Amino acid sequence: MANPTISTLLEKNIKFLENLFSLSSDLQIRSFHTRHGKGALVFFESLVTKKTVSDQVLAPLLLHLPKLEMINYESLLTIHALEKYDSWQEAIPALLNGSCLLLLQNQRSCYGLEVKGYPERQVTEPESETVVRGPREGFVENLLTNISLIRRRLNTVDLKVELMEIGDLAPTKVAVIYLTSTTRTDLVLEVKKRLQAIKLPTVLESGYLEEFIEDNKYSVFPQIAHTERPDRVVANLLEGRVAILCDGTPFVLIIPTTFNQFWQANEDYYERYPIASLIRTIRLASLLLSLLLPSLFVAVISFHPEMLPTVLLLNFMQQREGVPFPIFVQALIMEVSFEALREAGVRLPRAVGQAVSIVGALVIGEAAVKAGLVAPAMVIMVAVTGIASFAAGNYPLAIAMRLLRFPMLALAAILGLYGIMLGVIMIVLHVTSLHSFGQPYMSPIAPLNIQGLKDFILRVPIWFNRRQKT
């Protein structure tokens, strides 16, 4: 339906809005009369605060307008945001975003009053990125609240916030945030270019944007980092990256991204550097274990038993007696069962989910051993792999490792250690070919950057970094 111009006849404007939102029962139209003429307030009661509408809009109109000879709505109304619209094309999006429209007789324009009042979640610690030491604030679903959490930490004129809308049916506000003193201009322009090229009805979550703007859309490795923590976003902005905030989601995208960002954490810089270095090393070792341990176990048992001590080998052979399946099938059964239990624990209600994932793994593992389906050593191997994947850190990277674990298992079952080496070489070749907005994914390893290596695995002291820069 084409948007006609705003009419000078109040009844015609009201009729147009009633027809446009004919099946919207939450649309409210409040008419009033003064000696200056007739008027109407139009708003969605589901998007506004009724007390604000009555106290700061309707009451001043009814109390003061009859006494005024000349009307100055900007000074009469105490609303902090008041816009004048000359067409329905401007006014209707404001109405749908929580504004109250003030329509007046004999005027070809209307006023939009900022009276938003829809419910929102309070700022709390993000459950997906808990820390022992550090800020407890996390982003929420309100875009302005999230911007304020960043601006409060970066109170500088260098901080730029550029707003745009994405979506043909229901436009969603998206903010591109960066520091002019640290961020390359070409990077900002490329980010905005890719965002403006997105064609969607609306954006429900920042993951929609991620799939459209990432460089390699078919890779299992995440090429854009996301976080719920304002301190992590600020740290990346200080390093010259760009943050993308999307209204309606607490997850903020960080661009560009390198591989090491996914197993490092902001908490590494809140603890003393010896402790942080140890934790980082454990995290990286856990990441490699979660990928390689099952395939190494299958390869050694199936193709290279001479690598094991005799006593340990005899113990494994004794455990396999009576088990009808080869070692690869046992590993596949246990891995699939563990992944199913983990997914059930995530999707079920929290109290039930934790019981299902923990108790279910113990019960199924013990039952599988007693039933003679798998060897006891296989249960231990799968449990260690699961713990390692939990300790690996970032969730998207852990998912990528879980996915690659199965082809690595197949290669180990076919070619043994040679198959594992072939799989590792293919993975290394793939990740070294990836880029994130022009940034090599494996930087500072490939291409080699000696300066960047000082904070790759071992976390050097902050005072040492500052001294090196000066």
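A residue is called buried when its relative accessible area is under 20%, exposed when over 50%, and partly exposed in between (1.4 Å probe, protein chains only). The model is predicted, so that local features need pLDDT of at least 70 and side-chain atom pairs count only at pLDDT 80 or more, whereas totals for chains, interfaces and linings use all residues. Residues are numbered from 1 along each chain as its sequence is written, and side-chain values use heavy atoms, with hydrogens and water left out.

Salt bridges, defined by a side-chain nitrogen of Lys or Arg within 4 Å of a carboxyl oxygen of Asp or Glu, come to a count of 18. One of them joins Asp215 to Arg194, with the closest N and O atoms 3.2 Å apart; Asp215 lies in the loop between helix H7 (206-213) and E8, and Arg194 in helix H6 (residues 185-196), 21 residues apart, where helices (H or I, at least four residues) and strands (E, at least two) are DSSP runs numbered from the N terminus. Asp215 is partly exposed, at 33% relative accessible area.

A second salt bridge is formed by the side chains of Glu141 and Arg121 (3.1 Å, N to O), of which Glu141 is partly exposed at 31% and Arg121 likewise partly exposed at 35%. Glu125 and Arg136 also meet through their side chains in a salt bridge (3.0 Å, N to O), and both residues sit in the loop between E5 and H5, 11 residues apart. A network of salt bridges links Glu335, Glu339, Arg342, Arg402 and Arg405.
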